[in-house]
Amino acid sequence: MNEAAHEEATARPMRLVTVAGPPACGKTAVVAKTCAKLREAGVSTAVIKFDCLQTRDDALYQAAGVPVSVALSGGLCPDHFFASNLEEAFAWAQHTGADCCIIETAGLCNRCSPHLRGVMALCIIDNLMGIDAPEKIGPMLRLADLVLVTKGDLVSQAEREVYRHRIRQMNSRAVIRHINGLTGQGCQELAQILALAPAVATVTDMKLRFSMPAAVCSYCLSETRIGARYQKGNVRKVEFGHRQEGQHGE
Amino acid sequence: MANEQAIASITVTAGRDKAGNPEPWDLTFRTGEVVALLGPTGSGKSRLLSDIESLADGDTPSGRRLLLDGQAPTAEQRFALHGRLVAQLTQNMNFVLDMAALEFVTAHAESRGIADPAAATAAARQVIDAANALAGEPFAPHTQLTQLSGGQSRALMIADTALLSWSPVLLLDEIENAGVDKRAAMRLLLGSDKIVVIATHDPVLALSADRRMVIANGAVAAVLTRTPAEEALLTRLATQEEGLAALRHALRTGAPVRAWEAFFPTP
Ligand SMILES: Nc1nc2c(ncn2[C@@H]2O[C@H](COP(=O)(O)OP(=O)(O)OP(=O)(O)O)[C@@H](O)[C@H]2O)c(=O)[nH]1
Ligand SMILES: [Mg+2]
């Protein structure tokens with residue numbers, strides 16, 4: 001690509017969506033089917049998948065005809081890895097010429113969230129995780145604009161309703177929808193919503209909705225031995241035998 | 001329980017079939033009436049149901065629109081009902097939670113806004129009693145959800161949905177034969193404040209519905225009500241089902257199993 005074309009590609013605003021959720025909840029199933037609906041509506045997509053150790057999501061997206069790039073954090077904190085590669089991820093998606101870039105993240109810890117201010121944020125969770133799951137999941141759910149619940153085909157109506165209620169208690173403003181990753185039921189509607197995601201020209205200077213977990217302790221630096229004498233840096237000791245309050249700090 | 005979203009009828013305006021031919025009728029579904037949907041797989045039952053579920057507004061392949069109580073839904077109604085208009089009960093569904101039946105149904109009652117714990121427990125007990133009236137074999141309130149038999153959990157799902165579900169429309173995909181008293185289930189559903197639609201291949205369910213809609217090629221091809229001949233047929237079929245249930249019970253309890261006529265009397 002010559003320089004002019006390069007500049008044109010990188011200046012072009014693109015719709016951006018972050019999708020977060022626990023492993024195997026149905027993120028790829030839902031996103032791939034929704035990309036097909038977007039394509040029918042004339043909106044092209046590109047997907048970036050952030051994960052820890054391995055994924056076959058690239059094969060799944062390719063099979064669905066969606067351009068995809070995978071980023072694996074390996075030995076690094078997946079949350080920090082996501083934030084430190086976001087500019088480059090966005091630039092890659094711009095180069096594909098896509099109208100809408102969807103970032104699927106898995107392997108982020110429940111304490112974390114990839115959602116950005118000014119960018120449409122989705123959280124996907126499934127109905128099989130038990131009704132306490134919405135409380136346990138934390139900021140990726142609490143700070144989402146849209147919460148999608150999958151696998152409702154496998155549980156009772158009552159469980160779906162109680163689950164939805166618990167989600168509502170954790171996030172009072174999100175749109176909550178049931179969606180089926182197998183049949184694609186609900187993906188048409190989701191495509192209509194994603195087609196309205198704000199378009200952004202760059203992610204540089206954008207802000208995360210939630211600060212990432214503090215790290216930098218000896219274990220971040222590859223320490224493997226157990227014991228207080230090996231622990232340096234950001235270490236917090238628990239007082240066992242005392243009930244700790246949940247930590248939902250912003 | 002009274003529904004916040006009380007809706008007495010929904011109307012699906014005439015659309016077009018898969019070949020683009022106009023559908024002959026607007027269809028209206030009301031509370032206090034059970035409608036059966038019939039037609040082979042692929043005939044367009046799912047298309048009709050998804051038009052209802054998504055509050056179709058001429059924006060789906062069928063071109064149908066959904067009216068609530070005869071009116072196009074307002075923006076607020078759309079927002080409140082989206083994804084929640086229809087409660088569904090299909091064959092694949094199971095309880096997956098590790099909780100006692102009473103505890104769980106109480107949590108459901110609480111999620112419906114019954115804040116007083118005693119009132120929530122009382123509402124939950126009603127659901128369990130109603131479920132036990134449908135299930136062949138009763139279960140105790142403290143039974144774990146995952147320990148319920150197929151018939152018991154189906155009965156609990158029906159009773160819970162009829163009495164506690166938020167959604168104004170209930171869609172049932174078949175009621176299996178064994179373990180649930182189908183006609184009692186129909187009575188319970190009729191008494192709920194919901195609009196009830198059953199997709200079924202079962203002759204007893206189909207004939208006991210107030211109206212039957214036959215779907216073909218993506219559109220409604222016929223709307224039928226019971227003729228006197230069908231009424232007589234239904235009575236005989238129902239007797240036969242009762243006979244089967246009695247035979248099942250006799251076998252299960254080791255009672256002497258007598259001749260055919262003891263279970264299936266000729267009218
Ligand atoms: N029954 C049912 N299965 C579903 C549904 N959605 C997804 N699945 C299945 O759940 C499994 C996991 O789906 P994926 O889409 O790969 O999940 P994911 O969240 O992308 O997984 P990771 O990226 O590995 O974290 C697949 O076998 C899907 O077919 C659903 O709504 N109902
Ligand atoms: Mg995935």
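Predicted model: local features only at pLDDT ≥ 70, side-chain atom pairs only at ≥ 80, totals over all residues.
**A tour from the interface to the ligand**

Begin by showing chain B and chain A together: the area buried between them is about 1,900 Å², of which carbon and sulfur atoms give 56% (buried area being the accessible area, with a 1.4 Å probe, that two parts lose on being put together, summed over both).

Residues are numbered from 1 along each chain as its sequence is written, chains are lettered from A and ligands numbered from 1 in the order in which they are written, and side-chain values use heavy atoms, with hydrogens and water left out.

Staying at the interface, select the residues in contact (heavy atoms within 4.5 Å), of which 28 come from chain B and 23 from chain A. The count of salt bridges between chain B and chain A is zero, a salt bridge being a side-chain nitrogen of Lys or Arg within 4 Å of a carboxyl oxygen of Asp or Glu. Across the interface of chain B and chain A there are 12 residue pairs in polar contact, both residues at pLDDT 80 or more (a polar contact is a pair of N or O atoms within 3.5 Å; within protein, one must be able to donate a hydrogen and the other to accept it, and residues adjacent in sequence count only if both atoms are side-chain atoms).

Now select Lys182(B) and Asp202(B), which form a salt bridge with their closest N and O atoms 2.8 Å apart. Lys182(B) lies in helix α6 (residues 182-191) of chain B and Asp202(B) in the loop between β7 (195-199) and α7 (203-208) of chain B, so the pair ties together parts that are 20 residues apart in sequence (helices, H or I with at least four residues, and strands, E with at least two, are DSSP runs numbered from the N terminus).

Finally, move to ligand 1 and select Lys27(A), Thr28(A), Ala29(A), Lys49(A) and Gly181(A), which come nearest among the 19 residues around the ligand (a residue is near if one of its heavy atoms lies within 4 Å). A polar backbone atom of Thr28(A) is 2.8 Å from an oxygen atom of ligand 1, and a polar side-chain atom of Asp57(A) lies 2.9 Å from an oxygen atom of ligand 1.
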